[in-house]
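I opened the model today to look up its rings and its charged side chains. My notes follow in the order I took them.

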Amino acid sequence: MELAERFLLDALAYLECALGILAFVLVSRVGSPYGRYVSQRSAWQLAAPTAWVVQELPSLVVPLFVCTGMVAERLRLWPNRILLAMFLVHYVQRCLIFPFLIRGGKPTPLYLCAIAFMFCTYNGYLQSRYFSQYAVYADDWVTDPRFLIGFVLWLIGMLINIHSDHILRNLRQPGETGYKIPRGGLFEYVSAANYFGEVVEWCGYGLASWSVQGWAFALFTFCVLLSRAQQHHQWYLEKFEDYPKFRKTIIPFLF
């Protein structure tokens, strides 16, 4: 039974990689009907804060159920505890803090919220079940360079993401409408500084975990956010004649 589930977790990880690549192709070709790109004629929409809570909640609830409702033998070990905590800390911020800071966000189509809900359920099970039951690390893994560098990247990426979201929230003064060019932080170098932070965060997580499951989530995140970043970058160039031409899309100085 355990061998079958371990095989399933590996298969789900490889499937997540494929889904990420598929999402990149689809969004790159047809765009993402999300945020500023949502049609006002779209039916069945949720307010942005509600959508964020609903779609991200499985990434908290599923791991908590997995770790409390089932035997979680590997969580007796510090590497497994820390890696799962890294995953949960992100979603505490994304699910319970970020939505309540949103100022006038665009409604989210219900079907997109449902897709995100299903993915968070899928990935929440994949990450939590693997680290709580199957991931095996040496006792000194927390001092391994891969873990240390990965943890630092995860922390830096999360801080970049939070700071960039703060910049975006404060672009407009109370009562102002319309869009503005983001200034400050890594927005001086890329159009999607918030996405860059999240990519760094999950790549750090993948490195620290040194697992197919961790790297699969990092790849999925990169594929989805890269396609959205390209859409944002093109929109900024078309919207603002004075948009800084030296800014890259998502990776400073490179792309």
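**Aromatic rings**

I began with the rings and found one aromatic cluster, formed by Phe 87, Tyr 91, Phe 119, Tyr 122, Tyr 130, Phe 131, Trp 202, Tyr 205, Phe 217 and Phe 220. I note here that the model is predicted.

How many aromatic pairs does the count give? I get 22 aromatic pairs. I looked up Phe 151 and Trp 154, which form a tilted pair. Their ring centres are 5.4 Å apart, and the planes make an angle of 40°.

Trp 154 is buried, at 5%.

I then checked Trp 235 and Phe 240. Their ring centres lie 6.2 Å apart with the planes at 80°, so I logged the pair as edge-to-face. Trp 235 has a relative accessible area of 17%, so it is buried. Phe 240 counts as buried too, with 13% relative accessibility.

**Arginines over rings**

Next I looked for charges over ring faces. Arg 81 lies over the face of Trp 78, 5.0 Å from the ring centre. Arg 146 lies over the face of Trp 210, at 4.9 Å from the ring centre. I kept Arg 146 in mind for the next search.

**Salt bridges**

Side chains of opposite charge can pair when their charged atoms come close. How many salt bridges does a search of the whole structure find? It finds five.

I took Arg 129 and Glu 5 from the list. Their side chains meet in a salt bridge, 2.7 Å from N to O. Arg 129 belongs to helix α5 (residues 110-134) and Glu 5 to helix α1 (residues 2-30), so this pair ties together parts 124 residues apart in sequence. Arg 129 has 11% relative accessibility and counts as buried. Glu 5 is buried as well, at 15%.

I turned to Arg 94 and Glu 198. This salt bridge spans 3.8 Å, N to O. Here, too, distant parts of the chain are linked: Arg 94 is in helix α4 (residues 78-97), Glu 198 is in helix α7 (residues 193-209), and they are 104 residues apart. Both Arg 94 and Glu 198 are buried. I also found Asp 165 linked with Arg 94 and Glu 198 in a network of salt bridges.

Back to Arg 146. Its side chain meets that of Asp 144 in a salt bridge of 3.0 Å, N to O. Asp 144 is buried, with 17% relative accessible area. Arg 146 is partly exposed, at 29%.

**Helix α2 against α4**

Last, I looked at how α2 and α4 meet. The axes of α2 (residues 48-56) and α4 come within 8 Å and cross at roughly 145°. Which residues make the contact? From α2 I listed Trp 52, Val 53 and Glu 56. From α4 I listed Tyr 91, Arg 94 and Cys 95. By class, I have four nonpolar residues, two charged and no polar.

Two names here were already in my notes. Tyr 91 is one of the residues in the aromatic cluster, and Arg 94 is in the salt-bridge network.

How values were computed: Residues numbered from 1 in each chain as written. Predicted model: local features only at pLDDT ≥ 70, side-chain atom pairs only at ≥ 80, totals over all residues. Heavy atoms only, no water. Phe/Tyr/Trp six-rings, centres within 6.5 Å; stacked < 30°, edge-to-face > 60°. Buried < 20%, exposed > 50% of the residue type's maximum accessible area, 1.4 Å probe, protein only. Lys NZ or Arg CZ within 6 Å of the ring centre and 35° of its normal. Salt bridge = Lys/Arg side-chain N within 4 Å of Asp/Glu carboxyl O. Helix = DSSP H or I, 4+ residues; strand = E, 2+ residues; numbered from the N terminus. Axes fitted to C-alpha atoms, helices over the stretch in contact; angles between N-to-C directions. Contact = heavy atoms within 4.5 Å. Nonpolar A, V, L, I, M, F, W, Y, C, P; charged D, E, K, R; others polar.
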